[in-house]
Amino acid sequence: MMGQTYIKWCSDKCQDAFIKKTVEKVREEKRRKERKAWREKKRQYREELGITIDHLQKAINKIVRKLDENEPCIVFPALPIDPSTKQAGHSFSRSRKPHLKYLLLNIHGESERSNGDQNITDEVRVRAVADRYGDEVLEWLYWADTHNRPLKLTQQDKNEAIKEARKILRELEKGAEYTRSYIDARLRIYKLPEDYLKQNKI
């Protein structure tokens, strides 16, 4: 038949390897297209439901995971944890105290197990932070809770904070070492107690 190209294989083994590689490439391309289609579907679902992605929370969570990449789970410190599965968990939950959802003092590296366990109370999580860093953390958290209720951020405020958070993350990835208090101060989202801003252990 005109136009057909025939390949002469050096061996059956060589032919099998080529076929295997080609099939895998086709499968990977199919998976890539399926992932892309699913992302588009999720975007459409969010639009229909009025759900928006909180890019500021996403950026801050990445900072938390970077800060705590070598730390154990804040709630279950004895539990072995794969750093790649570590999550950013809120001590005071976002549902209970939504105004503290961007405060790094309130967010720490957690295992999937503890972060997904609805039976673990906020009190247990906050106590875990105090056990690691000291009881003064409780005073700082309660001060921030009292002085930032409700949290009033304009879209411009959020955009500026997102830009700064992404800049901080790049700096951390290049080896910079920052405390949570330093980052919270740079983000300029919250009023913060002076004692927290002056210390350098958390």
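User: Which residues is I63 in contact with, leaving aside its neighbours within four places in sequence?

Analyst: Beyond those neighbours, I63 is in contact with L104, A165, I168, L169, L172 and I183; contact means that heavy atoms lie within 4.5 Å. The model is predicted, and local features need pLDDT of at least 70, side-chain atom pairs count only at pLDDT 80 or more, while totals for chains, interfaces and linings use all residues. Residues are numbered from 1 along each chain as its sequence is written, and side-chain values use heavy atoms, with hydrogens and water left out.

User: What makes a set of residues a nonpolar core, and which residues have the most contacts inside the largest one?

Analyst: A nonpolar core is a set of buried Ala, Val, Leu, Ile, Met, Phe, Trp, Tyr and Cys residues joined through side-chain atoms within 4.5 Å. The largest has 40 residues, and I60, I63, L103, L105, V137, L187 and I189 have the most contacts inside it. Helix 2 (55-67), helix 4 (122-133), helix 5, helix 6 and helix 7 each supply at least two of its residues; helices are DSSP runs of H or I with at least four residues, strands are runs of E with at least two, and both are numbered from the N terminus. Helix 6 gives the most, with six residues.

User: Why does Q199 count as buried?

Analyst: Buried means under 20% relative accessible area, exposed over 50% and partly exposed in between, using a 1.4 Å probe and protein chains only. Q199 has 15% relative accessibility, and therefore counts as buried. Q199 lies in the segment after helix 8 (194-198) and, not counting residues up to four places away in sequence, touches W140 and S181.

User: Why does R188 count as exposed?

Analyst: The relative accessibility of R188 is 73%, so R188 counts as exposed. This residue is found in the loop between helix 7 (180-187) and helix 8. R188 also has a positive phi of about 55 degrees, although it is not a glycine. Most residues other than glycine have a negative phi.

User: How does the reach of helix 4 compare with what is expected?

Analyst: The expected span of a helix is 1.5 Å times one less than its number of residues. Helix 4 has 12 residues and reaches 17 Å from its first C-alpha to its last, close to the 16 Å expected. Its buried residues are D122, R125, V126, A128, V129, A130 and Y133. They pack against strand 1 (87-90), strand 2 (107-110), helix 3 (112-115), helix 5 and helix 7. G134 follows helix 4, with a positive phi near 115 degrees.
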